[in-house]
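Open your viewer and get ready to colour by chain.

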Amino acid sequence: MSQLAIKSLSKTYGAFKVFDGLNLAAGGGEIVVIFGGSGAGKTILLRLIAGVEEPTAGTIEIAGHDVSDIAPEHRGVGMAFQNFALFPHMNASENIATPLRAAGADESAVSACVAKVAKLLKIDHVLNHSPRELSNGQKQRTALARALAASPKILLLDDPLRNVDAKLRFEMRLELPRLLRQSGATVLYVTQDYKEAMALADRIAVLANGAFVQTASPEDIYTRPATLGVARLFGDPSINTADAVIGTGGGAHVVLGGTRVPLAESYAGFAGREVIFGVRPEAVEIGSTGVEAEVIAVTPLNERTVLLLQNSSGWEFLASLPSAAAGIPEAGSRVRASFAAAGTHIFDRQGGERLHG
Amino acid sequence: MDHTSGLEKILRGAAIALVLVFFLFPIAWIFLMSLQTNETILRIPPSLAFTPIIDNYTALITGQLRTAAGSLQLNFMQNMFNSVMLSVCSVALSLVLGVPAAYAFARFKFRLGEDIAFTLLSFRFAPALLVLLPLSLYFKTLGLTNTYIGLIWVYQLICLPLILWIVRGYFEDISPDIEHAYRIAGNSWWKTFTRISIPLAKPGIAAAGLLAFIFAWNNFIFALILASADKQPVTVGALAFVTASGIQYGQIAAAIIISITPTLALALYAQRYLVEGLSMGAVKG
């Protein structure tokens with residue numbers, strides 16, 4: 001039995017449909033990342049689960065029970081908000097203690113628990129500060145501590161790292177998985193940062209255009225994206241794309257700028273299909289064969305170097321090479337680029353779904 | 001603007017002094033009048049040289065007004081009590097009714113919500129006299145004429161819209177997420193309202209309450225029409241100083257000083273809330 005189950009959940013505001021018929025199940029202790037762009041409805045989904053908004057249709061089950069008629073205070077969820085939503089007239093310690101006091105814990109248990117969770121999140125030195133006196137990072141940790149304090153069975157985290165600086169975000173990305181595992185809660189984690197999603201998730205549910213486009217492990221999402229949209233959302237720099245038509249004369253292939261790019265033979269079944277050829281920048285290999293291209297720009301990014309290439313027909317694409325690799329070409333030079341099969345995906349030009357070769 | 005020159009400082013000081021004199025002069029003048037007899041007030045040319053007397057104040061407090069035409073009964077202290085009673089009760093009732101209503105208007109979209117809010121505001125548009133004629137007829141029928149309850153009820157026309165509209169803005173400025181967070185933490189709707197929403201809107205509630213109190217205190221026309229002497233506040237009671245033997249300027253001045261003291265004290269005490277309160281809506285913390 002799943003700890004949290006969402007069944008054909010829909011939400012509309014007037015004529016505006018946020019999402020329609022969402023289904024998702026999460027087991028005990030599982031971390032599911034809800035991933036999507038701005039306005040995809042991720043936050044609204046969390047609000048529906050928390051009970052502060054009501055769904056238009058569908059049900060939400062927590063531990064097997066329909067919670068439609070259960071008020072937010074009785075659902076046993078913890079939630080951390082993107083804007084922290086700390087109580088400005090209470091200090092950090094009182095903020096964290098709120099769910100414990102509401103549950104009727106006695107004062108000694110409350111202070112022990114607050115001390116424990118504050119230590120875990122490294123905010124024990126600022127417990128007497130009011131939210132106004134806290135840095136963004138401390139605010140975020142306080143909000144997280146408040147959500148964790150009463151050990152809820154379900155933890156809803158709404159992009160908690162959105163409003164903190166890059167350094168802290170990186171640290172928290174490393175810390176959070178351990179912290180969340182320790183809590184034992186089923187976690188729904190909303191983010192629009194794909195690295196965060198990949199770092200934290202047991203499973204990622206990609207929310208776009210009002211539906212879960214793909215729900216899969218981070219690895220699957222990256223290596224087997226369901227649609228072009230998903231492929232574009234994951235990966236930085238994002239996937240290169242070019243319009244192409246699958247040809248079969250002498251093996252399945254596409255033609256890019258006059259050069260044949262061979263595909264796995266299994267694509268032969270799609271002969272003549274108008275497709276979008278996609279290749280991840282990491283899968284572009286510079287060598288002696290393949291598409292002829294000119295190097296327009298070279299951008300070193302720490303351990304990787306990104307090349308902007310342009311072929312004879314004007315198609316611009318990116319290649320991401322390990323900076324340590326020998327023979328990184330200079331800007332202005334002419335090279336040949338081939339594409340590793342693992343990072344090459346073919347998408348239908350109409351629907352955008354990935355064609356399984 | 002830390003690098004103000006000496007001249008600038010002097011000019012600024014002069015400007016402030018000018019403003020203060022302009023606004024405080026009437027109060028100072030009335031205060032001086034309240035310490036004089038009618039004769040010294042009315043002498044020509046006026047002079048600042050006089051022997052201060054407190055007869056005007058004692059007359060008001062004891063209720064014995066001695067004029068050239070003889071002794072006159074005054075119930076100024078009763079008027080004062082009425083003013084306090086009416087203003088305090090009206091504002092209290094307005095807060096009890098208006099704060100939850102303001103919250104509802106701020107948080108929930110409901111049918112005719114905006115229309116109702118606007119209707120309440122529109123009570124402030126119409127001249128009071130327009131409302132008073134039908135009201136006085138109704139009050140007669142209902143037996144509410146010359147009762148505290150009737151007056152407090154009518155005073156809601158003054159206080160309620162003010163509190164409703166000012167406090168509504170404060171509630172709208174509180175992030176709903178803060179309330180959601182408190183509920184999710186395991187607290188009921190009511191607890192969230194009393195422990196989160198009201199404390200956070202407190203500066204606004206204080207500011208609105210104070211303004212409503214001042215408006216209620218200064219109201220004249222409602223009590224003039226709907227009540228008789230024993231229920232009338234100081235604003236109406238001051239009419240008694242226009243006597244058969246002339247206008248008692250000294251007593252009027254003393255009455256003004258006594259009657260503005262509570263609002264002045266309240267305003268001075270609450271001015272930090274007022275400034276904080278009235279500006280908070282604009283600059284979010």
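Start by selecting the two domains of chain A: their C-alpha centres lie 39 Å apart. Domain 1 covers 4–228 and domain 2 covers 236–348, with bounds that come from an automatic or database domain assignment. Keep in mind that this is a predicted model, where local features need pLDDT of at least 70, side-chain atom pairs count only at pLDDT 80 or more, and totals for chains, interfaces and linings use all residues. Residues are numbered from 1 along each chain as its sequence is written, while chains are lettered from A and ligands numbered from 1 in the order in which they are written.

Where do the domains touch? Four residues of domain 1 of chain A are in contact with five residues of domain 2 of chain A (contact: C-beta atoms, placed from the backbone, within 7 Å).

Next, select strands E11, E14 and E20 of chain A. They form an open sheet in the order E11-E14-E20, with antiparallel pairing. Strands here are DSSP runs (E, at least two residues), numbered from the N terminus, and helices are runs of H or I, at least four residues; two strands pair if DSSP finds at least two bridges between them. E11 (240–245) and E20 (344–348) of chain A are at the edges with a single partner strand each, so one side of each has no neighbour in the sheet.

Zoom in on E11(A) and E14(A) (residues 274–279): six bridges join them. One to find is Ala244(A), whose bridge partner in E14(A) is Val275(A).

Finally, show chain B. Here 17 residues of chain A are in contact with 15 residues of chain B. On the chain A side, H2(A) gives the largest share, three residues.

Conventions
Two residues are in contact if their C-beta atoms, placed from the backbone, lie within 7 Å.
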